[in-house]
Amino acid sequence: MSTTRDPYSSRFPADCPVHIRSVDDVIALERYLRRRSRRERPLVVMTHRKDGDDLAIDPRSLLDDFDIDVAILDTVDVCRQLTSRIGKERSVFGGAVRVYPSTAQWWKDDNFRASKLILNIRVSAKAFEYDVRDAISRQIALERQAHKVQQSRLVTNVAPTITTNASNATGHVDAADVSGTSAEDSAINVGGASFSTADAVSPNVSTSSTGTTAPGNDADDNRVPLSAPAASTEPEGTLVTAAIRDKADGTVHLVREDQAEELAEYLTDPERRIPVVVATRTSSTHRPVFDTESLARELESTAIVFELDSAKTAWNLTAALPTDAQVYGGMLRAYPPDLEWVDDPSRLGGPYGGFTEEQRKIQRRQLIDDAEGMVARAYSTIAPTVPEQTVPVTATVIGVYPQRGIARLVSGAMASVILPAETDGIPVPADRMLARGQVIHGEFSSRDRMITGLAVRVGKDAIADYAEGDTVLGRIDTVRMDYCMVTLYPGVKIMVEAADALGDAFGEHEDLRLLLDPGTVLPMLIVARGTEQNDWLVSFVEADKEHIKSAPAMIDGGPAWLQPADQGVLKPNADDRQRAIVIDADTDVRELIPEDAGEDAAEMIMTLAAQIGEEQRANEKMRAELDTLQRQNGSLREDAMSQRRARIYQGQQYRTLRGLFRNDKERLLFERDRFDMWIREAWALRFPAADKKHRQLPEHWDYTSEFFDSLEKTQINRQRVVDAALEVLTGIAQQSKSRRCHRLRTGSGAEEAFRVGPHGEKVWRIYLDQGHSARRLHYYEDAKGQYTFASVGVHDDDLR
């Protein structure tokens with residue numbers, strides 16, 4: 001019965017270097033690489049710098065000195081073909097050498113670094129060859145250790161009964177003599193190396209089923225055998241097995257004194273892919289300052305935790321590490337997987353510790369955050385290119401760092417989260433987009449281990465619930481002399497006039513640039529909500545700082561993009577300026593000359609005084625012209641403001657019901673009832689049930705017959721008047737600084753008598769908004785404390 005053989009499998013394994021020259025050869029190499037069961041030893045693949053160049057290392061010498069397979073990619077074209085089949089990150093080209101383990105570990109999506117890549121960047125061929133030989137030796141040592149651990153398990157778990165032939169001087173054992181175990185059943189595969197249970201007895205025995213003899217371990221044989229002497233009792237969790245895994249398994253790995261140098265080698269291994277936390281013990285308690293077992297569990301899949309068993313071990317590690325990279329005295333340190341810390345130890349995390357329980361709690365949390373940040377940076381340290389292929393994923397954010405986040409996928413794997421760029425040019429840190437525990441949705445690239453494509457909320461949707469009367473946070477951007485641009489949300493900018501924002505606090509000759517810095521975050525009251533950039537009205541001085549509405553999140557489930565802690569303040573009105581000497585017609589210049597001044601000095605003072613006088617007169621003339629221009633500008637601004645308000649309040653302006661009733665008496669009766677209903681509705685909506693008993697409405701209040709006509713003539717949102725009337729009736733307006741409740745006088749002077757109503761009532765005025773053409777509400781209060789709303793108008797109207 002004939003058996004069809006794979007036409008390419010017979011090329012490997014080989015006792016000589018195998019040249020890869022064609023597509024068929026590439027296919028054979030790929031199949032051998034990916035078929036773990038057919039490889040019992042590492043495979044070293046060598047390349048030329050360019051076609052026609054000699055190899056930097058003699059492949060035959062490697063084959064003679066190590067128990068390996070050697071393949072040579074003879075041309076750049078076959079390098080490209082191999083790369084297209086196994087991927088760039090797993091391939092080799094350009095004169096480099098790659099050592100592929102005998103296991104399939106290197107083929108996993110996120111584990112390509114398990115195959116050691118040695119670049120030909122050394123100054124000499126000898127140094128490059130040393131690097132290659134060192135990498136091969138390390139790989140064989142790792143596989144030998146894995147083999148020893150597996151043999152130890154086999155001896156413990158299988159415990160076969162073996163009958164030997166006394167006449168067999170060579171020590172051969174028949175596989176059939178293994179009690180209860182056939183030769184076929186006894187074959188197992190460890191670390192990619194196939195061996196039988198007979199190997200667990202002696203490294204130099206052969207089975208009758210295979211007719212092969214394992215290589216010896218003679219002193220003259222420089223090869224490192226994969227079928228190593230067995231029965232190692234090295235337990236799992238040691239330094240070596242942790243390094244083999246290169247995986248955080250949630251356990252603490254104890255490091256003995258004689259293993260310190262080995263740990264230092266692992267820490268400085270450029271192929272290490274995971275952060276390492278090293279804990280030391282104190283001289284008093286002989287324990288680290290943190291509970292390392294709980295720490296290791298919390299850092300599972302994030303960082304490997306090693307604990308040094310003594311001060312001597314810590315000193316040995318210190319001696320093997322670069323200066324300032326050591327750790328001792330019960331403290332802990334975190335070592336990132338990149339090796340930038342070797343040249344710059346300031347990049348290391350820690351040392352972590354603390355003398356009090358509170359300090360240790362903070363430091364422990366910081367250690368975990370830093371370790372997770374190292375993982376995030378290890379996935380990608382540069383801005384990503386567009387991934388070749390991505391899949392939709394849902395993940396949970398577990399860490400947030402300055403320029404990115406780290407999230408855990410549903411599968412348990414971690415990925416770096418790339419921040420969206422749609423921030424309208426405004427720098428938004430990661431902790432204002434992402435928060436620990438937030439569930440995100442994006443596109444995952446398994447090649448780069450990145451999550452991209454997080455959706456940023458549209459501006460108009462994000463601030464859809466901003467309403468008139470809300471105090472919100474805004475970020476000041478551009479600042480000009482009499483206006484500024486405010487960002488309520490990235491992509492939503494509004495123009496704010498200084499006179500509207502600051503009211504009377506903004507003087508006629510003030511410069512807003514002296515009061516505000518770009519980038520300042522301020523609370524601001526939404527006086528009128530607009531639809532376009534130029535039709536919002538906001539006030540800085542009327543903001544209710546005790547009740548600031550939360551800013552929207554940029555990504556669903558995330559933190560507010562602006563927070564109360566970000567608030568800045570207005571700067572003082574102006575810098576103190578030195579007053580110059582005024583020289584006018586009444587000034588006697590001779591009095592400015594010191595008694596001890598010489599003739600030349602006195603003459604110079606007289607000349608300067610004359611020049612100063614001329615400059616001051618010219619300045620006064622220009623100031624008068626400036627005042628004229630500013631008055632004209634103010635008038636134009638008032639006109640523009642009126643037009644803007646007309647647009648804003650179109651559709652919101654109060655309209656009387658004149659013409660719809662038989663007479664004004666019936667009309668006014670209905671309008672009173674309607675306004676009463678609006679006030680009662682506002683009261684019901686504004687105050688929670690528990691507060692209503694403290695803010696009760698009076699049984700009666702009234703309106704003058706002119707009130708509704710004045711309200712119709714004044715451009716203002718009627719709801720603002722309703723809210724103001726409600727505050728008067730509940731006593732809020734009288735206590736509010738922004739309302740500036742005060743009695744009216746008969747004149748502008750402070751000594752003028754107070755005005756009185758038609759029946760001797762007190763006449764009060766409160767502010768509805770701010771600015772030169774701001775609107776006010778007037779009301780009467782009689783001797784019994786009953787209120788009558790008199791009129792609404794601009795500040796300068798002569799309202800009686």
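Biologist: Which elements do the buried residues of H9 pack against?

Modeller: They pack against S8, helix H7 (260-267), strand S9 (276-279) and strand S10 (304-308). This is a predicted model, in which local features need pLDDT of at least 70 and side-chain atom pairs count only at pLDDT 80 or more, while totals for chains, interfaces and linings use all residues. Residues are numbered from 1 along each chain as its sequence is written, and side-chain values use heavy atoms, without hydrogens and water. Helices (H or I, at least four residues) and strands (E, at least two) are DSSP runs, numbered from the N terminus. Contact means heavy atoms within 4.5 Å.

Biologist: Which residues of helix H9 are buried?

Modeller: Buried means under 20% relative accessible area, exposed over 50%, and partly exposed in between (1.4 Å probe, protein chains only). In H9 (residues 311-320), the buried ones are Thr 313, Ala 314, Leu 317 and Thr 318. Their arc, taken from the directions from the helix axis to the C-beta atoms, is only 140 degrees, so they sit on the same side of H9. In general, an α-helix has 3.6 residues a turn, so residues three or four places apart point the same way. Trp 315 and Ala 319 are exposed, on the face of H9 turned away from its buried side.

Biologist: In what order do the five strands of the open sheet lie?

Modeller: Two strands pair if DSSP finds at least two bridges between them. The order here is S8-S10-S9-S11-S12, with mixed pairing. Strands S8 (252-255) and S12 (349-352) are the edges, each pairing on one side only. S11 (residues 332-335) pairs with S12 in the antiparallel sense over two bridges, and Leu 332 has Tyr 352 as its bridge partner in S12.

Biologist: How many residues of strand S27 are buried?

Modeller: Seven of the eight residues in S27 (residues 787-794) are buried. Strand S26 (residues 775-781) runs antiparallel to S27, joined by seven bridges, and Tyr 780 stands opposite Thr 788. Strand S23 (residues 702-703) runs parallel to S27, with two bridges.
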